[in-house]
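Here is a short briefing to read alongside the coordinates. Take a look at the structure first, then work through the points below.

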Amino acid sequence: MDFLQLITLLVVISAGVSYLNQRFVKLPGTIGVVAISVVVSIVIVIIGKTNNEFSTKIRDVSAGMDFSRILLDVMLGFLLFASALHFDYQKLRKQQWPVFALSTLGVFMSTVIFGLLLYYLCSLSGIALPLVYCFIFGALISPTDPIAVGAILKHSKISEKLSTVVAGESLFNDAIGLLLFVLLLEFVQQPEAMLSISTVGNLLLHEILGGILIGLLAGYMGYKLIKSIQDFQTILLLSVALVLGISFLANYFHASIPLAAVSAGLIIGNNSFHTDKVSDNFLLKMWKMIDEVLNTILFVMIGLQLVAMPFLEEYWLLGLFSIVIILIARIISVSLPALFLLGKLNFNNVFILAWAGLRGGISIAMALSLPESQYKEGILSGCYFIVLFSTIGQGLSLNRLIAILDKKDLRRGME
């Protein structure tokens, strides 16, 4: 399948799934798209049981869709730029320390806790998964997904303060997760080589500082160019070219595309370009539309990946373990930084922060990028279990959880 056919198929399926959700199912956009895509995939799998030729063709299409490359090298820059473009920098500054703690220390703690617990449970259950692969799984699943989080927060009743913390954390924590993922993979591929301070330093320099520097420079240049014109078409083209250029440069210099896109988006979105504001509003509205369209396509891709997954028969136990463990790791990794920063814990906020930390396509993309081994399918399947539970289960129940906790607070206040 060539590129044009693949894009056509994705857009047609995405349009159909989005229509079905809006017309009949009426679930919140992201959740509905994922749910319908999963149902479609299950139907395809069932049909494939009786029609091997049909199943083979569908699997070929799924295999031909390089999900990892499409997301990490192309779509991710656009989606993160759009999210940062609409993010209020002043709100982020007020919550900078919680965001920093959760996006760095929180990710590291979650990776370690998840890896240790998973290794222990797998050992008890007779599942062969080495400790280093458990940590790799933890590194790719611990960062909360900015795309999934942003989509869910639009329809949630979470407080403004917690919403800023969750959204801000999700924008920045991918860099730490990717760094841990790369370091652990290097250890697996070259076990005899010790990871030196210089190796870690070079990764930090290229990935984190390089990404931020590219984003700041490109964002400032884009701001100056957009400020100098009023033509809507040229403004939109400049912003699209900016994101493509950021993704290309970050990929070329082995820098962090997420951090580059977020840095540029914050600069562009938190500066006024024109006195009449019309051009500014046009840019924001156009990128909101781009964001929503790409979100729909991405979550359709996530749902359709089920067709190529082997976990229904082989890895369901590992998947269930993974769901429980990531929730435990998330609660602990949220609680300890909060206790360190505040000296006390608000358990309601801890549970909301933990439940609102959704996982999505970025984790699946990292799992798909793993080198071939006997452990890849298990990690990929466990990752898929978590993403589906996170998007549908946590996404649908987040407002319910907030309402329950609010009622408990009200009862305490009356007693």
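Across the protein the mean pLDDT is 86, with 88% of residues reaching 70 or more. Where pLDDT is low, the predicted coordinates should not be read in detail.

**Aromatic pairs**
- The structure contains ten aromatic pairs.
- F232 and F282 are a stacked pair, 4.6 Å centre to centre with 10° between the planes.
- F232 belongs to helix 11 (residues 232-252) and F282 to helix 13 (residues 278-304), so this pair ties together parts 50 residues apart in sequence.
- F232 is partly exposed, because its relative accessible area is 34%.
- W355 and F389 make an edge-to-face pair, at 6.1 Å centre to centre and 85° between the planes.
- That pair links helix 16, which holds W355, to helix 18 (residues 376-414), which holds F389, and the two residues are 34 apart.
- W355 has 22% relative accessibility and so counts as partly exposed; F389, at 29%, is also partly exposed.
- F78, F81 and W287 form one aromatic cluster.

**Helix 16 and R330**
- Helix 16 spans residues 347-356, and its buried residues include N348, V350, I352, L353, A354 and A356.
- At the start of helix 16, the backbone nitrogen of N348 has a side-chain oxygen of N346 within 3.1 Å.
- R330 sits in helix 15 (residues 316-342) and is buried, because its relative accessible area is 3%.
- Among the residues R330 touches are L353 and A354, along with T144, E169, G357 and R359.

Technical notes: Residues are numbered from 1 along each chain as its sequence is written. This is a predicted model: local features need pLDDT of at least 70, side-chain atom pairs count only at pLDDT 80 or more; totals for chains, interfaces and linings use all residues. Side-chain values use heavy atoms; hydrogens and water are left out. Buried means under 20% relative accessible area, exposed over 50%, partly exposed in between (1.4 Å probe, protein chains only). Helices (H or I, at least four residues) and strands (E, at least two) are DSSP runs, numbered from the N terminus. A polar contact is a pair of N or O atoms within 3.5 Å; within protein, one must be able to donate a hydrogen and the other to accept it, and residues adjacent in sequence count only if both atoms are side-chain atoms. Contact means heavy atoms within 4.5 Å. pLDDT is the predictor's confidence in each residue, from 0 to 100. Rings of Phe, Tyr and Trp (its six-membered ring) pair if their centres lie within 6.5 Å; planes under 30 degrees apart count as stacked, over 60 as edge-to-face and the rest as tilted. Lists of a residue's contacts leave out its neighbours within four places in sequence.
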